[in-house]
Amino acid sequence: MVERSDRAPLLDWEEIPSAEKPGDEAPAGSPVEERLSSPSSSRGTAGCAGFGWSSGPGGPTFSSRSDADGCSAPPATSSAPPAAPERALPPDKEEHLSDSGTREVSLEDRMVKWEEKDQIVSVFVVTFNTRTGNMLEWCLPKDMDLEGVEFKAIASGSHRVSTDFIYFRKGRYFGLACFANMAVENTEERGARMKSVGILSPSYTLLYRYMSFLEHQVRLQLQSPGHYSPLEAFYEDKRALLPPSGEDVVTAFPANAWGAAINHSMHPEMKITHPAGCMSQFIRFFGEQIMLLWKLALLRRRILIFSPPPVGVVCYRVYCCCCLANISIPGVGVAVPEFRPFFYVNVADISALENELSYVACTTEKIFEEKKDLYDVYVDNQNVKTYRDGLKPLLRLSAADREKYRKLTEQRQMLLYSQEENGDCVSSEEDLFILFFLEQNNRIFQTLSEVAGSPEPTVTQDSVRAMGLDPHGDRLFLLHLLEIYGYDSLLVSEQLCCS
C-alpha cells in the first residue's frame, strides 16, 4: 500500500493482481507486474467528501460512505465480483424489462456507468533543469500538444516547498499534477531534484481518483529517473478513446438524457471530492467575506486568487468558489457565461484569460495584480478587492449577508455536534455548504420568476426580503443580477434606495 499523504487523503491504490485466464501467468517484468499502484484494479476510500458514486453488488448506486471521523468518504468503485446474490433495486431505481425480456438499465445507472469511464487523454512527467528551467521530460501519447504544461505542473515558486499538487486547465482539458522536491548531493542539479507527474482529462471532477497514484509516481521518478513503465501501463489502462474530431470522448452521455441526469447528479462541481476539512477551512479562512464571494460568483465575475505556494489548497478554494454559484432551477442561467474554474494560471495564460467573460482561478505570480484588465476581483489571502468603481459597493457586507453567514455557521455547528454526539455519518460539511448556497440561489430566482409572472412585475421590498436579501444594502447587487440573468424588464420599486 502506498503511504497516504496527510495533505490529500483521497485514495490509496493497492497493487492487486489483475484477473487472468486460468493457466495464464504474467511473465516477470511485464507491464502487469510493473503497474505497481495503478488504480485500475481497486479504489479504496479515505477522507471527507460529499456525494459519490459506488459500484457494489447489484450494480452502481448513488452513495455517501462514512469515514472514521464521521465525515462522508469519496466515491468508491470496485471491480470485485459480488459475493452475494444480486440485491433488489428500490422501486424508483428498478431496472425495467422490455417486451423482449431484456433488462433496460435505469437512467441513473447509465449515468453512473458513463461517469465512471476512465477518460485520461495524457500522462506526463515534467522536470526542472538547472540550465533550461522547466521542461517536459516524457509523455504519452507522443503527439499530444502539451505546450506550456511544464509551467502548469510546476508552479512558480515551487522550489520553496517539498510537495504540492496542482489542478489546472490546458485548452479544453483539465489536469492534475503532483510535484515533489528532493534533496540530492550533486552539483549538476544544485542540490535539489524537482519533478511533477500529471494527467489530463476532459473533466476535472474525477481527477481526484488518481491523486495518490500520482504522488507515488513522482516519488518514484525522483528516486529512479526514467522509470516510465508504471506510467505507460497506467495510460494504456485508463486512456480515453477520442473521436476523430477530438472534441469530446466517445463515452459521452446521450444528449436526450442530460436534463434528467443533471437533476439527479446536480452540477459537475458537486461531484469533485476533497480532503477532510476542505469546506470548513474555506469558511474559516474567509469568514463573512464568503458572502462577498458568493455575490460575485453569482454575478459571473472574473475572480483571481493570489497566494504563494503551496498552490494545492488554493485550487480547492477555486472549487469552493464555484460551488457558490450553483442553480438547479431549469432554464435559469442558460444565457449567462459559464462559471467554471481555470484553477492554477501563470503568465502563459494571459492571452486565454483576456477572452474569458467569467472565471475563477488562482496564481502564485504577483505580476497578475498589475494586469487589471484580466480580472474583476483580486483576492490576496483574505483581502477581497476590486479596481472597478461599479463593483466596489458590492464589497460591503449587508445586514442580510451577516444574517446568512450566522445561519451557515449555526448549521455547521449543529452538524458537527450531530457527528460527534450521535455518530451522524450521512451528512457532511461539503453537502451542507453546497446545499446552503444552492437553496439561497434557488430562493432568489424562484422569487424573481414569480414576480415576473405576476400582473404587476415590480420588485418590491417584500419580494427582496423573500429572496433573503437586504432591500437597501443589496440594491446594487440586485440590479446587476436582473441585468445579467435577463430580468431587466422587471420594474424596481423606488423604495429600494441606497442606504
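**Helix crossing and cores in a predicted model**

Biologist: Left-handed or right-handed crossing, H7 past H10?

Modeller: Right-handed.

Biologist: And which residues make the contact?

Modeller: From H7, Met291, Trp294 and Lys295; from H10, Asp401, Lys404 and Tyr405.

Biologist: Nice. Switching to the largest nonpolar core, which residues touch the most other members?

Modeller: Tyr167, Phe433, Phe445 and Leu448 do, out of 108 residues in that core. Helix H8 (residues 312–323) gives the most to this core, contributing nine residues.

Biologist: What is Phe433 in contact with, leaving aside neighbours within four places in sequence?

Modeller: Met279, Phe282, Ile283 and Ile290, along with Cys320, Cys323 and Leu324. There is also a second, separate core of twelve residues, with Ala361, Phe368, Leu374 and Tyr375 among them.

Biologist: OK, confidence now. What is the mean pLDDT of the protein chain?

Modeller: The mean is 75, with 67% of the residues at 70 or more.

Biologist: Where does pLDDT stay under 50?

Modeller: Over residues 1–116, a stretch for which the model has 242 contacts beyond four places in sequence. Residues 245–272 also have pLDDT below 50, and in the model that stretch has 66 contacts beyond near neighbours in sequence.

Note on methods. Residues numbered from 1 in each chain as written. Predicted model: local features only at pLDDT ≥ 70, side-chain atom pairs only at ≥ 80, totals over all residues. Heavy atoms only, no water. Core = buried A, V, L, I, M, F, W, Y, C linked by side-chain atoms within 4.5 Å. Buried < 20%, exposed > 50% of the residue type's maximum accessible area, 1.4 Å probe, protein only. Helix = DSSP H or I, 4+ residues; strand = E, 2+ residues; numbered from the N terminus. Contact = heavy atoms within 4.5 Å. pLDDT = per-residue confidence, 0-100. Left-handed = near helix turned anticlockwise from the far one by under 90°.
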